[in-house]
Amino acid sequence: AFDDDSGEGTQNSLIADFIIPASGTYYVIATRYQQAAGATTGRFRWELEGSGNAFADVPEHVARLSFGSAVTGSIDEITPEALYAFFATEEDVITVTMNRGDGDLDPALSILDADGRSLATSANENGAQSARIERFIIPQTGIYYIRVSRFEAPGIPTSGSYVLVLAQMIEEATTP
């Protein structure tokens with residue numbers, strides 16, 4: 001994020017409503033107009049104000065995922081589905097994969113928005129060993145959910161373990 005002069009007064013900077021996308025170390029660089037080529041000097045005051053946790057509205061029983069993580073679980077008659085929450089930024093491109101570990105599980109998965117509305121569903125055929133949503137583009141910054149379950153064929157409930165992977169696709173810049 002970058003800002004010049006949108007704060008109170010004519011020469012104050014302000015970055016508001018920036019959501020830190022993941023835990024880790026972040027740096028703030030304070031400089032002057034035109035940076036090294038600039039001619040202004042003087043003192044400044046820097047403030048950081050926390051506005052809360054992006055996961056505050058996520059139920060406690062829902063596991064959190066970050067990009068590049070993999071988790072295991074099981075789908076059966078007692079647990080026919082599970083939810084996982086993750087934070088993403090607008091225009092992030094993600095791929096979600098659910099692979100069967102054992103049993104006869106016929107995996108199915110969906111990406112849901114923060115209100116639980118389905119945004120994408122795996123195109124799974126009956127009997128497949130994996131489900132995948134590939135290159136999904138996040139529509140806006142915020143919390144999303146992954147719902148893992150099983151393909152529901154009439155009278156044939158499947159069960160077994162799975163491995164779920166959440167990956168962020170990084171587009172490499174090409175030079176002309």
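Two strands count as paired if DSSP finds at least two bridges between them. The structure treated in these exercises is a predicted model.

**Exercise 1.** Determine in which order the four strands of the open sheet are arranged, and which strands lie at its edges.

*Solution.* Step 1: the order of the open sheet is S2-S9-S4-S7, with antiparallel pairing. Step 2: strand S2 (69-75) and strand S7 (130-137) each pair on one side only, so they are the edge strands. Step 3: on average, and with direction ignored, neighbouring strands of this sheet are turned by 15 degrees against each other.

**Exercise 2.** Describe the pairing of strand S4 with strand S9.

*Solution.* Step 1: strand S4 spans residues 93-100 and strand S9 residues 160-169. Step 2: eight bridges link the two strands in the antiparallel sense. Step 3: within this pairing, Val93 is placed opposite Met169 of S9.

**Exercise 3.** Characterise the hairpin formed by S5 and S6.

*Solution.* Step 1: strand S5 (residues 107-112) and strand S6 (residues 118-121) run antiparallel and are joined by three bridges. Step 2: Ile111 faces Ala120 in S6. Step 3: five residues lie between the strands, and in the turn Gly116 adopts a positive phi of about 85 degrees.

Notes
Residues are numbered from 1 along each chain as its sequence is written. This is a predicted model: local features need pLDDT of at least 70, side-chain atom pairs count only at pLDDT 80 or more; totals for chains, interfaces and linings use all residues. Side-chain values use heavy atoms; hydrogens and water are left out. Axes are lines fitted to C-alpha atoms, for helices over the stretch in contact, and angles run from 0 to 180 degrees between N-to-C directions.
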